[in-house]
Every structure is written in structure tokens, then in C-alpha cells.
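This report goes through one protein chain, element by element. Look at the sequence and the structure first.

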Amino acid sequence: MKCILGIAAVLLIKFDSCITDDDDSEIPIAALVLARGGSKGIPLKNIVEIQPNQTLLARTLHTIQRSGVFSSIWVSTDHEQIAAEATRHGATVFARSATHAQDHSSSLEATHEFLLAHPEIHHFALIQCTSPFLRADYLRQAAAQVRTFSDPSMEVSSCTFSVVRSYKLRWRKDAVSGHLQAINFDPMARPRRQDWEGELVETGMFYFSERQLVMDVGSFQSEWCTVVEVDELDALEIDNMRDLTLARVLVGIK
């Protein structure tokens with residue numbers, strides 16, 4: 001029995017060594033922040049201060065750096081002030097074209113442009129700097145999931161994104177009849193919170209994805225994705241001054 005336990009201990013030590021010493025073999029993941037200068041709700045929203053002497057972009061870049069899981073950190077922008085702020089806080093700037101920095105430009109289009117210019121990047125994380133309560137441990141969890149489920153021998157893309165679990169009961173109004181219809185529950189058997197798992201709602205905080213999904217499929221996600229559940233209070237996304245005011249209050253509390 002002692003012999004068996006001794007062998008098991010040796011194997012465990014070797015296995016643990018493989019896990020902790022494999023930094024050189026880890027899949028490199030590039031962090032990408034899209035930060036155009038033409039935001040309308042809040043002018044230059046990406047570099048507005050969330051607290052004294054800290055912009056949204058700077059806060060996000062510091063969190064990305066603290067996570068320790070990225071091989072490179074990029075900010076894609078079309079604006080000189082945003083570029084300067086990105087450089088000041090350790091990111092490499094990608095000059096986003098005017099074509100992909102319009103009000104109607106999508107994140108997918110801007111990411112596609114970035115990947116075209118950087119064929120060496122195969123795995124990336126699109127991270128939104130207007131999610132001020134991004135946490136380094138969320139990024140570490142996402143990176144671990146991507147690296148765990150990434151297998152070059154398989155044709156399945158590895159991806160993960162942030163979600164919040166919702167227990168809200170949703171309704172919609174029929175466009176023709178005007179009647180209300182329950183979407184995610186039976187009104188005749190209303191579920192209690194403890195009786196169902198709720199729904200997973202995207203937060204937009206981050207998307208870890210692969211080059212192939214963007215370039216060949218035109219998406220950040222697939223049915224094979226995993227998710228990282230974030231705290232509901234951390235899921236706040238800044239889109240207008242009301243959101244910004246609330247975020248500033250929460251920063252002071254946290």
C-alpha cells in the first residue's frame with residue numbers, strides 16, 4: 001500500500017510540474033481593445049475618467065496586464081488622444097482605418113481588419129473598456145478554458161465569453177394581435193428562482209475567440225464556446241452619462 005501511495009505521489013509531482021512549467025508551450029493569446037474616437041453618447045468615451053486620474057482605457061489595460069495571460073496587448077483606434085493613452089499604459093497601437101471606425105462599423109469588422117494585418121495572431125481576446133468592472137480573475141478563467149479546450153487536431157474552434165445569469169421572466173407583445181406572450185416561462189406554472197437555472201445573458205465584457213471563426217465564419221462565437229459567469233454588479237456597461245455616473249459611484253464603494 002505504501003509503495004502504491006509513493007508511486008502516486010511521484011506521478012502527482014510530475015504532473016504538477018508539467019502544469020506549472022509549461023509557460024513556453026501555452027497557446028499565445030493577444031488582447032485587443034477596440035477604442036474608436038467617434039462615440040456619440042459620451043464624447044471620447046474610452047478615455048473619460050472613471051475616477052480621478054484613471055480613464056476607462058487605462059483601467060482596462062491595467063486589468064489586462066494584471067491577469068498575466070496575454071502574449072501581447074493591442075488597442076485599435078483612429079484617434080490620436082486614445083493612441084497616446086494606450087501607449088502611455090503599455091499597449092501597442094493598431095491604426096484603425098476610417099472605413100472601420102464609423103458609427104455603423106461593427107466590432108467584427110474592426111477585428112477582421114486587425115487580424116488581416118496580423119496573420120501571426122491565431123487566438124485573441126476582444127475586451128471592452130466600457131466594462132469598468134472587468135476583473136483579472138475573469139480573464140484568467142477565460143484563458144484557462146480556451147487553452148484547455150483548444151485542440152489543433154480537431155476542427156472545433158475554442159472560444160469563451162462573459163455572461164451574467166438572469167432569472168427575469170420575459171414577455172413580448174405580438175405585433176399583430178397586441179397580446180402579451182410569455183417568452184421563457186409558462187404563466188400557468190411560474191417557476192421559483194430556485195426551481196430553474198435561469199438564462200445566460202451576454203455582458204459584452206470580453207470574447208475570447210480564434211482567427212478562423214472571424215475570418216471564415218464571420219463570428220466570435222460558436223455552439224462549442226464555453227462561458228465565464230460574472231457577477232451582476234460587474235456586468236455594468238457604460239453607454240451614456242447615467243451609466244458613467246453609476247460606475248463612478250460603484251468604484252467608490254468597491
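## Helix α5

The buried residues of α5 are Ala-136, Tyr-138, Leu-139, Ala-142, Ala-143, Gln-145, Val-146 and Arg-147. Buried means under 20% relative accessible area, exposed over 50%, partly exposed in between (1.4 Å probe, protein chains only). These buried residues pack against α2 (56-67), β6, β7, β10 and β11 (226-229). Contact means heavy atoms within 4.5 Å.

Helix α5 covers residues 136-149, 14 residues in total. From first C-alpha to last it reaches 20 Å, close to the 20 Å expected at 1.5 Å a residue. The expected span is 1.5 Å times one less than the number of residues. Helices (H or I, at least four residues) and strands (E, at least two) are DSSP runs, numbered from the N terminus.

## Model and confidence

This is a predicted model: local features need pLDDT of at least 70, side-chain atom pairs count only at pLDDT 80 or more, and totals for chains, interfaces and linings use all residues. Residues are numbered from 1 along each chain as its sequence is written, and side-chain values use heavy atoms, with hydrogens and water left out.

The mean pLDDT (the predictor's confidence in each residue, from 0 to 100) is 88. Of the residues, 87% reach 70 or more. Over residues 1-24, pLDDT stays under 50. The model has 0 contacts beyond four places in sequence for that stretch. Where pLDDT is low, the predicted coordinates should not be read in detail.

## Overall make-up

The protein has 7 helices and 11 strands. Buried residues make up 43% of its 254 residues. Among contacts with a separation of 6 or more, 72% join residues 24 or more positions apart.

In α2, 9 of the 12 residues are buried, so the helix is largely enclosed by the rest of the structure. Leu-56, Leu-57, Ala-58 and Arg-59 are among them. Gly-68 follows α2, with a positive phi near 70°.

Thr-55 is found in strand β3 (residues 54-55). Thr-55 is buried, with a relative accessible area of 9%. Leaving out residues up to four places away in sequence, Thr-55 touches Asn-46, Ile-47, Val-48, Glu-49, Ile-50 and Glu-85.

## Trp-171 in strand β8

Trp-171 lies in strand β8 (residues 171-173). Its relative accessible area is 41%, so Trp-171 is partly exposed. Apart from neighbours within four places in sequence, Trp-171 is in contact with Leu-180, Gln-181, Ala-182, Ile-183, Phe-185 and Pro-187. Trp-171 and Phe-185 are 14 residues apart in sequence and 9.0 Å apart in space, C-alpha to C-alpha.

## Pockets

The largest pocket holds about 530 Å³ of space. A pocket is an open set of points on a 1 Å grid over the protein atoms alone, where a 1.4 Å probe fits, with protein on both sides within 12 Å along at least five of seven lines; lining residues have an atom within 4 Å of a point. Volume is the space filled by probe spheres set on the points, which are joined across faces, edges and corners. The lining has 24 residues, of which Leu-34, Lys-45, Ser-107, Gln-128 and Thr-130 lie nearest the centre. Strands β6 (123-127) and β10 (199-210) each give two or more residues to this lining.

The second largest pocket has about 280 Å³ of space. Its lining includes Val-164, Arg-165, Ser-166, Arg-193 and Glu-229. Strand β7 (residues 160-166) gives the most, with 3 residues.
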